[in-house]
Amino acid sequence: MTEAEILIKLKESILTFDETIAEKTAQEAINIGMDPLIAVEDGLVSGLDVIGEKYENDEIFLPELMMAANTFQTAMGVLEPEINEKGQKRAKKGVVVLGTVKGDIHKIGKDIVTLLFRTGGYEVHDLGEDVDLFTFVEMAKKVNADAIGLSALLTSTLPGQKDVIDALTQDGKREKYIIIVGGGATTPEWAENIGADLYAENAQSAVRKLAQMIENKG
Ligand code: B12
C-alpha cells in the first residue's frame, strides 16, 4: 500500500467503524515507515471530521459517534507507541497541566496534545476529562506549572475555560501561568475575549506556540 492508500483506508475504517481494518492499516503505516502523526491527522482525524458532520446533519447518531471514537482508539493503540518512540529525549522544556473542561468528556484531541507535548520535551500532567476549575488551579500550583492547557469541544462547555482564567485572576495568580486553549469549539476570537495567552488549532501548533512563548518569557 502507498501512503495515499493508507490514508484513505484509515479514514474509511473510521467511517465504517471497522476496528480490524483500522488496526491492520495502522500497522501497515508503520511497516512502510510512514510518519505516524500524518497517519493520525490526515487519516484518522479526517474520518472523525466527516463523522462529526454526519452527526450534525442527523445522518448518524450517538452510538455511531461512539463506535467511530472506539475505532480511532484502536488504531491509536498501534500508532501511539511509534509516535512516542520518534519523540527524542530532550531536556525538559516546561511543565504543563492539561485537561478537558467541566461537563465535557471529549478526550481524543486532548490526548493528542498531551502526547505531542510529552514527545516535545514537556512534563505533562493530564487531568483527564470533565475537570473542574479547582482541580486545574490546584494541580498547577502543586506542580509549579508553566502552562495550563484547556480543551473544550462543546459550545456549552467553553465557559469552563473562562472560569479557570477568572479563578486565577481572582486569586492574583493569573500572570504566573501561560493559558493555552483549544478544542473544536474554541476559536481565536473566543481565546482573545477570555484573556487566554494562546490559542492553537491543532496539537503541532500548540507545541510550537508554547515553545515560542516560554522562550520569549526567558
Ligand atoms: C468522537 C466524538 C464524540 C465521542 C468522544 C469520545 C472521546 N472519548 O473523546 C462521544 C461519542 C463520547 C461524543 C459525545 C458527545 N458529543 Co461529540 N463528537 C465527536 C467528534 C465526532 C470527534 C471529536 C474528536 O475527537 N475529533 C478529533 C480530535 C483530534 O480533534 P479535536 O478534539 O478538535 O482536537 C484537536 C484540536 O482541536 C486541538 N486541541 C484539542 N484540545 C486542545 C487543547 C489545547 C490546550 C490545545 C492548545 C489544542 C487542543 O488539537 C487536537 C489535535 O490536533 C466531534 C466532531 C468533530 N469533528 O470534532 C463531535 C462533537 C464535538 N460532539 C458533539 C456533541 C453534540 C456531542 C454530545 C453532546 C452528543 C450527545 N447528544 O450526547 C456528546 C457530549 C458528551 C459530553 N458531555 O462531552 C458536537 C459538538 C457541537 C458543539 N459545538 O457544541 C460535535 C462537534 C459533533 C457535531 N458536529 O455536532 N462525541
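## The ligand and its cobalt atom

In this predicted model, H106 is the only protein donor of the ligand's cobalt atom, through NE2 at 2.3 Å. Donors are N, O and S atoms within 2.8 Å of the metal (3.2 Å for Na, K and Ca); water is not among the atoms, so sites may look incomplete. H106 lies in the loop between β1 (94-100) and α5 (108-119). Helices (H or I, at least four residues) and strands (E, at least two) are DSSP runs, numbered from the N terminus.

Residues are numbered from 1 along each chain as its sequence is written. Local features need pLDDT of at least 70, side-chain atom pairs count only at pLDDT 80 or more, totals for chains, interfaces and linings use all residues, and side-chain values use heavy atoms, without hydrogens and water.

The shell around the ligand holds 39 residues. Among the closest are I105, H106 and K107. The largest share, eight residues, comes from α3, which spans 36-56. α4 (62-86) and α9 (203-217) are among the other elements that supply at least two residues each.

| Residue | Protein atom | Ligand atom | Distance |
|---|---|---|---|
| E41 | polar side-chain atom | oxygen | 3.2 Å |
| Y55 | side-chain N or O | nitrogen | 3.0 Å |
| K107 | backbone N or O | oxygen | 2.7 Å |

Definitions and conventions. A residue is near a molecule or strand if one of its heavy atoms lies within 4 Å of it. A polar contact is a pair of N or O atoms within 3.5 Å; within protein, one must be able to donate a hydrogen and the other to accept it, and residues adjacent in sequence count only if both atoms are side-chain atoms.
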